[in-house]
There are 2 protein chains.
Amino acid sequence: MRFVLPVVMLLFSSATHAAEAPPLQRAELGDLPLQSGEILRDAGITYRTIGTLNADRSNAVLFPTWFTGTAEQLFAFDATGLVDSSSFFLIAVDALANGVASSPSNSSQQPELDFPAVTIGDMVNAQHRLLTDILGIAHLHAVVGISMGGMQTFEWITAYPDFMDKAVSIVGSPRLAPYDLLLWNTQLAALELAQSCDCQQEEALAVAGLLNQLAMQTPEFLAREFPRERTDELVQQGRAGGAAMNIHDRAAQLRAMLAHDVSSSYGDVMERAAEAVNADLLIVASLQDRAVSSTPALEFAEIAGAEVIELQNDCGHTALFCAPAAATEISGFLKRP
Amino acid sequence: MRFVLPVVMLLFSSATHAAEAPPLQRAELGDLPLQSGEILRDAGITYRTIGTLNADRSNAVLFPTWFTGTAEQLFAFDATGLVDSSSFFLIAVDALANGVASSPSNSSQQPELDFPAVTIGDMVNAQHRLLTDILGIAHLHAVVGISMGGMQTFEWITAYPDFMDKAVSIVGSPRLAPYDLLLWNTQLAALELAQSCDCQQEEALAVAGLLNQLAMQTPEFLAREFPRERTDELVQQGRAGGAAMNIHDRAAQLRAMLAHDVSSSYGDVMERAAEAVNADLLIVASLQDRAVSSTPALEFAEIAGAEVIELQNDCGHTALFCAPAAATEISGFLKRP
């Protein structure tokens with residue numbers, strides 16, 4: 001039976017496939033300069049690895065987290081199953097502000113509203129520091145990301161075009177489309193409502209969770225999976241999804257997605273950003289995605305000459321979950337010489 | 001040039017077509033019993049008419065308002081242009097809780113949170129009282145409604161099946177689909193957040209307005225009409241739409257839509273409700289509607305043997321605006337003997 005997760009995306013796993021996450025590791029990056037010019041104090045980046053780094057350090061695959069997600073969840077929901085850990089050294093890395101890596105909720109020097117704004121670029125720069133300074137990895141086999149992880153993938157291939165052989169963005173985007181901007185601005189407005197008065201946090205998070213629930217799948221999917229008598233369950237799932245993350249962390253990641261635009265380092269010309277890509281690129285897009293519109297990724301793919309998997313089903317942003325054959329294709333793309 | 005209205009729906013009008021609304025009239029209904037068993041004290045219903053009631057009082061067309069809308073807006077946006085006022089006596093009626101008819105914002109005896117919950121059925125019962133007790137109209141030529149006005153139309157044809165010759169529901173519904181319930185529950189959660197603390201009303205209304213903006217059209221429409229550099233405008237339009245209505249009125253109408261289900265008087269069997277219809281029924285549905293899903297109306301239409309106009313364009317809930325030929329068909333349906 002299909003199970004709708006409110007916040008994170010259940011992909012192709014069942015309980016039997018889901019892997020227990022390997023141990024959490026933390027790298028201290030010290031004071032990290034941010035794209036805004038501000039400094040993130042005592043920055044820490046957290047990650048979990050599986051597989052073995054080979055002798056020439058050439059088989060690492062970086063897998064950043066989706067919006068609200070953690071590296072632990074990448075394993076729990078078997079997203080990491082896309083990467084064969086018998087061949088690759090998989091590094092599932094927590095994005096900044098996800099509540100595990102340095103975040104408004106866990107920073108002692110810059111807690112909550114004192115936490116500086118971070119960008120998708122800052123997430124990627126911190127990961128680059130982790131790889132080069134801490135893990136001694138100067139080149140990746142691949143970057144793979146889903147949703148906000150896919151946004152980090154777009155950032156990686158344009159900010160560090162020679163750093164990886166391959167890259168896969170799954171329901172990600174080089175910058176958000178108008179509908180997406182409206183959607184995520186709406187969620188941010190709900191959170192800022194509570195941030196500005198330091199009140200009603202639980203209720204604001206419930207609204208944010210409901211908005212996520214609303215955006216994850218299509219109306220057709222919900223009509224099929226949630227008959228009218230289960231509406232309360234649908235609403236409760238949405239609320240619970242909101243309660244799962246700290247409000248300041250959630251707002252920080254939302255702001256990062258809203259500001260995300262890989263063309264900004266290329267004179268605001270997306271064509272130039274796409275032409276800068278050197279990695280073999282695979283774009284997986286869901287045509288009925290109502291959380292992260294597919295058009296910007298597909299347009300980028302065309303200019304970059306990327307391979308494309310277009311998912312056409314009513315599962316919306318979670319389309320890959322409804323298309324297990326696509327997961328096999330992605331795994332194959334990563335293994336292909 | 002197309003203009004996206006955040007809250008109400010601009011249909012086929014331009015500034016040159018839009019009609020100035022005829023004068024507001026108010027009928028006092030006294031203490032009005034509600035479906036809940038509660039009493040609405042000093043109930044007043046407001047309306048605006050155009051055209052002339054004929055001698056045998058057989059040419060009246062009732063046009064109730066959409067969610068957040070007023071009878072004045074039905075004229076301002078030329079929705080009333082669907083009804084030829086040279087043939088018909090058009091009664092544009094304010095739905096309860098719209099801020100003009102009896103509403104939380106204007107009730108002296110039951111203000112704001114003391115206002116009793118009203119249903120779509122209560123709106124229709126108040127309109128029935130207006131027609132029979134005040135205007136002396138025992139039979140309508142037609143009921144025509146858009147969106148929540150279409151919900152009132154469904155309520156009319158099932159609660160008073162012999163009261164009209166014709167009925168037109170445009171992007172209305174006999175009861176909301178799962179996606180719609182999630183959407184409107186999300187908007188209600190944002191408002192209840194502010195209602196429960198009597199704080200942050202402006203911000204909560206902004207969230208509600210943004211949610212409306214999000215639901216009105218499709219992502220494709222927004223991508224076409226709002227290039228990235230106009231995102232701020234899109235967001236500001238949404239916020240402004242929220243600010244246009246009192247929070248308690250808006251919450252009251254949302255609760256009415258969420259509870260709406262014409263099968264509830266027919267043992268919860270929608271087939272029985274549809275079979276009870278005696279009016280010639282025209283259902284206008286937008287297949288890409290993301291505010292009021294078209295499926296419940298289309299299923300109802302099939303059982304009731306209704307005529308159907310399916311709109312297939314990317315304007316979503318405002319599809320009729322993008323399909324002027326459909327407006328002509330609707331006018332024709334109303335005039336046809």
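Across the interface of chain B and chain A, seven residue pairs are in polar contact, both partners at pLDDT 80 or more. Here a polar contact is a pair of N or O atoms within 3.5 Å; within protein, one must be able to donate a hydrogen and the other to accept it, and residues adjacent in sequence count only if both atoms are side-chain atoms. The elements of chain B that give two or more residues to the side touching chain A are helix H4 (178-197), helix H5 (201-216), helix H6 (219-225) and helix H7 (231-243). H4(B) supplies the largest share of that side, with twelve residues. Helices here are DSSP runs of H or I with at least four residues, strands are E runs with at least two, and both are numbered from the N terminus. Sorted by class, the side of chain B that touches chain A has 23 nonpolar, nine polar and seven charged residues. In this scheme Ala, Val, Leu, Ile, Met, Phe, Trp, Tyr, Cys and Pro count as nonpolar, Asp, Glu, Lys and Arg as charged, and the others, Gly among them, as polar.

A quick word on what you're looking at: this is a predicted model, where local features need pLDDT of at least 70, side-chain atom pairs count only at pLDDT 80 or more, and totals for chains, interfaces and linings use all residues. Residues are numbered from 1 along each chain as its sequence is written, chains are lettered from A in the order in which they are written, and side-chain values use heavy atoms, with hydrogens and water left out.

Back to the interface as a whole. Contact (heavy atoms within 4.5 Å) involves 39 residues of chain B and 38 residues of chain A. The buried area between the two chains is about 3400 Å², and carbon and sulfur atoms give 70% of it; that area is the accessible area (1.4 Å probe) lost on putting the two parts together, summed over both.

How are the two copies related? Chain B can be laid on chain A with an RMSD of 0.0 Å by a turn of 180 degrees and a shift of 0.0 Å along the axis, which is the relation of a two-fold axis. The C-alpha of B:Ala190 is the one in chain B nearest the axis, 3.6 Å from it. Both copies use the same surface, and 97% of the contact residues of chain B recur in chain A. The superposition is by least squares on the C-alpha atoms of residues with pLDDT of at least 70 in both copies.

Now the charges. A salt bridge puts a side-chain nitrogen of Lys or Arg within 4 Å of a carboxyl oxygen of Asp or Glu. B:Arg290 is buried at 11% relative accessible area, while A:Glu220 is partly exposed at 37%. (Buried means under 20%, exposed over 50%, partly exposed in between, with a 1.4 Å probe and protein chains only.)

B:Asp261 meets A:Arg228 in a salt bridge (3.9 Å, N to O). B:Asp261 also forms one with B:Arg175, at 3.6 Å. B:Asp261 is buried at 12%, and B:Arg175 is partly exposed at 24%. Salt bridges that share partners also join A:Arg175, A:Asp261 and B:Arg228 into one network.
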